[in-house]
Amino acid sequence: MSRALQPDEELVELDAEAVRTWCARAFDALGREREAIDAINVYPVADGDTGTNLYLTAEAAHQAVEAVFAASGPDTAEAVRAMAHGALLGARGNSGTILSQLLRGMATVLAGGCDGEHLARALAEAARAARQAVARPVEGTILTVASAAAEACAAGGTLVEVARDAHEGAATALAATSGQLDVLERAGVVDAGGRGLVTVLGALLETVTGRTPDRPGIAPLPPAAPREKCAGEDGPAYEVIYLLEADDTAVERLRSRLDALGESLVVVGGDGLWNVHVHVDDAGAAVEAAVEAGRPHRIRITHFASDATTGTTAPDRGREDGYGAGDGERGAVAPTGRPGPVGPAGPAGGIPRVRRAVVAVVPGEGLAGLCAEAGATTVRTRPGEPPAEDELVEAVRRAHAREVVLLPNDTDLRETAAAAAERVRAEGVRVALVPTRAAVQGIAALAVHEPDRRFDEDVVAMTAAAGATRYAELAVAEHRSFTSAGVCQAGDVLGLIEGDVAVIGKDLTETARTVLDRMLSAGGELVTLVVADDAPPGLAADLEHHVRRGYLAVDTTTYHAGAEAPPLLIGVE
């Protein structure tokens, strides 16, 4: 729904209904100009999708605003926050991600006031926030256009004056972008992202004046632009985008790591939720960095050369948390059908290398057998004796593969596994470390392993499946101790959720029920139980019944760990 102004009527304040109208008009305008903007997209990658990405980002913002109106009558602060949050969740591509940060910057100011002075300050904050989000800002881009819009209206004025000055300043700056970047000048076009921002500001001006604005300073655009180069030829091969739940400190470390891995890095958001965009050659490393920083969602991988997107955005079950196993529903670990010998001979005894293998660290002979049946090379852990670096190196060599996915399945093994991976890489083996923190995460990763797809895609799918699995362990306290859940006595049953003691009980079955209830209170579709030989008889059956009775939409899968394993491991996807 759009707000229609009467003839000669102009808005004095940008109220909630006006925000709603602005979002709708920006969405519609970008839809009309999508193909024209796609046609002039030659920077940073000539993949012809900037218009589409901006359109999809605006659609997400528009839908979020409509949702708050459907639920209640929001005030301006609620409307602009919904707009910014929707854009953050739905941001696509380099320009779409920057647009989401521009809207977020505006929202922080407009939430406190919505007259012309506030709009001028909002545009200044938007330009500042967007530049801060880009690892290596470049002039002649959407950032230049945003800064020009802010500078043009810095003197303030009425709402209409500020909106008009911002739009004209942006349009003038856009016309000059072709002389700021050689790639634009040679192609004879202006910056595509900047063109999209002028369209968004034009929708704002139309909202406050009721009149469709002119576009001063913008030369007619060609129906299609010559490509400066083929996508992916001279730059990184993949575009990686994901949402990330992480704190500020972890995100700063992530920025440094991704900046070293690739280019076109944009990290937007805040308050614990971020949208990350980067172009890299090693997509698996970019996702691995996300898992180490926090909890990634809606992972999207696009291979520029083929323009094919890896489907980790949502699995076939329609899971709404953004994680995806990539290729459908997981019920149980199945053999991978690892291909036969190919390529050069391996390092030991002339044994031929296979194309790809998985090496998994597991507790108990039952899990070792399960993973071996699924095609993995396993390394057994012993109580109190984690495998040493040399053991992991030998296991990777024993796999005789050109490509290896390493699953440590233990937080404490991360550094040891990383060191082992580096040693084997020096021998010419391509190794990806999926930072699984528990055996149930390793099971989830192994279940979606497909050796026939590209290595990076396989690693991303396995990482996403592992990251979507919350994990818990039940253990028996050996002595009196202080824990995060209180004081425990020797013999007490400890319920550890993601490494922290969350429940202290006397009975293993009852404690396990409590742990399951806590984990499932946050949602879940599949519970995995890994039961040791020395667990109480009937434990698995009791817990399966508990889940069926209390959580009708949740499936349960049980595996037997055998001896020398914790009494019970739990995974919730």
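**Exercise 1.** Find what stands opposite Glu 403 in β8, then work out how strands β6 and β8 pair.

*Solution.* Start with the residue: Arg 356 stands opposite Glu 403 in β8. Next, look at the strands, which are DSSP runs of E with at least two residues, numbered from the N terminus. Strand β6 covers residues 354–363 and β8 covers residues 401–407; they pair in the parallel sense over six bridges. To count as paired, two strands need at least two bridges found by DSSP.

By the way, you're looking at a predicted model, where local features need pLDDT of at least 70, side-chain atom pairs count only at pLDDT 80 or more, and totals for chains, interfaces and linings use all residues. Residues are numbered from 1 along each chain as its sequence is written, and side-chain values use heavy atoms, leaving out hydrogens and water.

**Exercise 2.** Which strands sit at the edges of the open sheet?

*Solution.* Write down the order of the four strands: β7-β6-β8-β9, with parallel pairing. Now pick the strands that pair on one side only: β7 (377–381) and β9 (430–433).

**Exercise 3.** How do helices α3 and α4 pack?

*Solution.* Helices here are DSSP runs of H or I with at least four residues. Take α3 (residues 76–90) and α4 (residues 93–110): the angle is about 160° and the axes are 8 Å apart. Axes are lines fitted to C-alpha atoms, for helices over the stretch in contact (heavy atoms within 4.5 Å), and angles run from 0 to 180 degrees between N-to-C directions. So α3 and α4 are roughly antiparallel (over 145 degrees).

Terms used. Parallel < 35°, antiparallel > 145°, perpendicular 65-115°, else oblique.
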